[in-house]
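Here is a walk through a structure that may be new to you. Have a look at the sequence and the model first, and then we'll go through the parts together.

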Amino acid sequence: MPRLFRGLSGRLLWLTVIFVMLAEVLIFVPSIASMRMNWLRDRLDTAAAAGIVIDGLQPAELPRAVQDDTLLATGTKVIALRKDGTSRLLAATDMPPQVDQVFDLANVPMLSSMCDALDTLVFGGGRVMRVYGPIGESDMIIELVMTDNALRKDMLKYSKMMFLLSLLISLITAVLIFLAINRMMIMPIRRLTHSMQVFSEQPEDPSRVFSPDRSRGELAVAGRHLTAMQAQLQRTLKQQKNLADLGLAVSKINHDMRNILASAQLMSDRLTDVDDPMVRSFAPKLLRTIDRAVGYTSEVLAYGQASEAAPRRRRIRLADLCQEVRDILAIDPDAGVEFLEQVADDLEVDGDSEQLFRIIHNLCRNALQALTTFDPDDASMVRRITVSAHRVGSVVGITIDDTGPGMPRKARENLFSAFRGSARSGGTGLGLVIARELVLAHGGTIALVEKPGPGTQFRIEIPDRPVSLEDYRARA
């Protein structure tokens, strides 16, 4: 199919032609009705002129040849004149046996005129009609009897002329509208589309940014917005590329740094065996510092991965997992931080033990860091981390609560956002990001819960895997 028929401008062209033709149809009906009435009135006027002349020749009678010429000139079969309450037959030939239609031209409603016109146009031909009407302002009435053959023939000619004229008008209108719309809309839209296509091929090329017009039209405004969007996208792509390069460099540095810190950690463990009191006092702090550095590098490397591995789910005892988290945290008794577990020994969760450990460990470690750096006004305040869990149906809810200072407003607004959602100075916020990603991989949810007292509380919900029909039958 040619492009003219497939494009928006082509469809607009043909729709304009169709709509103009439909409008012409609405005009055609009253127009053809008016043409029919004028045609009948012309016949009455012609017959009236001849009738007045004939009436003046009374009491003489017209010769047969003159009557035939008069009937031929008026296209009628019978001419009669009503005057002073009497009717006189002026000329007649081939009197039809019956009259099919009677029309009084003195009073014809518009709707009836249109219906009669369509009836004659569609079904006419060979029918005898009787037409009468007044002569001017006098009280005389001229009456004709004729067939509708000539009337229908002239109406068909008129309809053909109207159709051709309407088609010409619609084509001219459509072409003018097409040229105007193509100039004002289609060409700018094509320019916008072409710019999008060219920009998408090489979005980093500044020369492919759209150059908008300075007019105030809607398309010009859209063009300026497209330019701004493409420029913003180029800046974002440039930033992403810089971040990707930076991320690769950081990953390499972290990889080597983690190995160095691991070696330093092994050597630092031996400091606890030294008898020097000063070394003994600094050794735990040095070990904790190295542990934090190792954990930080591990989180950065884990966040830089494309995605976490799919969880290898199985039934695990949540109490054992919480005990392992407590051992890894190695909370210093002198720190004054309590770790409270409120998990039933027989509570089981359907999940990946390693990933669940990382989730709970990240949240508990954040809570421990908040409590150890928190300096409350009330020295008697209890510093506590509480891990509780319970099952409701097929969902296990895990709550990690602390009595620390709570999360600052900025951290709440950027919760679960890397490098922006950290609750402490110098933090990365990667722990929450990783925890959320692992929870979502289990089909669960994690949320910060509003609590009336001080501190921070996270709630995790881990649903069991749905059991397939085959597995159910195998277990049954």
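## A buried serine

Ser 159 is buried, because its relative accessible area is 14% (buried means under 20% relative accessible area, exposed over 50%, and partly exposed in between, using a 1.4 Å probe and protein chains only). You'll find Ser 159 in helix H5, residues 149-201. Helices here are DSSP runs of H or I with at least four residues, strands are runs of E with at least two, and both are numbered from the N terminus. Leaving aside residues up to four places away in sequence, Ser 159 touches Phe 28, Ile 32 and Leu 121, where touching means heavy atoms within 4.5 Å.

A quick word on where this comes from: the model is predicted, so to speak of local features takes a pLDDT of at least 70, side-chain atom pairs count only at pLDDT 80 or more, and totals for chains, interfaces and linings use all residues. Residues are numbered from 1 along each chain as its sequence is written, and side-chain values use heavy atoms, with hydrogens and water left out.

## The whole protein

Stepping back, the protein has twelve helices and twelve strands. Of its 476 residues, 37% are buried. Take the contacts with a separation of 6 or more: 66% of them are between residues 24 or more positions apart.

## Where H4 meets H5

Two packed helices are described by the angle between their axes and the distance between the axes. For helix H4 (residues 110-123) and H5, the axes come within 9 Å and cross at roughly 95°. The axes are lines fitted to C-alpha atoms, for helices over the stretch in contact, and angles run from 0 to 180 degrees between N-to-C directions. H4 and H5 are therefore roughly perpendicular to each other (65 to 115 degrees; under 35 counts as roughly parallel, over 145 as roughly antiparallel, and the rest as oblique).

On the H4 side, the residues involved are Ala 117, Thr 120, Leu 121 and Val 122, and they meet Leu 151, Arg 152, Met 155, Leu 156 and Ser 159 of H5. Sorted by class, that contact has six nonpolar, two polar and one charged residues. Here Ala, Val, Leu, Ile, Met, Phe, Trp, Tyr, Cys and Pro count as nonpolar, Asp, Glu, Lys and Arg as charged, and the others, Gly among them, as polar.

## The sheet from E1 to E5

Next up is an open sheet of five strands with mixed pairing, in the order E2-E1-E5-E4-E3. Two strands pair if DSSP finds at least two bridges between them. Strands E2 (86-92) and E3 (101-104) are at the edges with a single partner strand each, so one side of each has no neighbour in the sheet. On average, neighbouring strands are turned by 20° against each other, ignoring direction.

Within this sheet, E4 (residues 128-134) and E5 (residues 141-147) pair in the antiparallel sense over seven bridges, and Val 131 stands opposite Leu 144 in E5. Strand E1 (residues 78-83) holds Lys 83, which is partly exposed with a relative accessible area of 31%. Lys 83 and Asp 139 are 56 residues apart in sequence, yet 7.1 Å apart in space, C-alpha to C-alpha.

## The sheet from E7 to E12

Another open sheet of five strands runs in the order E7-E9-E10-E12-E11, again with mixed pairing. Its edges are E7 (337-342) and E11, each with a single partner strand, so one side of each is left without a neighbour in the sheet. From one strand to the next, the twist averages 15°.

How do the neighbours pair up? E9 (residues 383-392) and E10 are antiparallel over eight bridges, with Thr 399 in E10 as the bridge partner of Ser 388. E10 (residues 395-402) and E12 (residues 457-463) run antiparallel too, joined by seven bridges, and Val 395 stands opposite Pro 463 in E12. E11 (residues 445-449) pairs with E12 in the antiparallel sense over five bridges, where Leu 448 has Phe 458 as its bridge partner.

## Helices across that sheet

H8 lies across E7, E9 and E10, at about 170° to E7. H9 lies across E7, E9, E10, E11 and E12, at about 150° to E9.

H8 (residues 318-329) and H9 (residues 353-372) pack at an angle of about 45°, with their axes 10 Å apart. That makes H8 oblique to H9.
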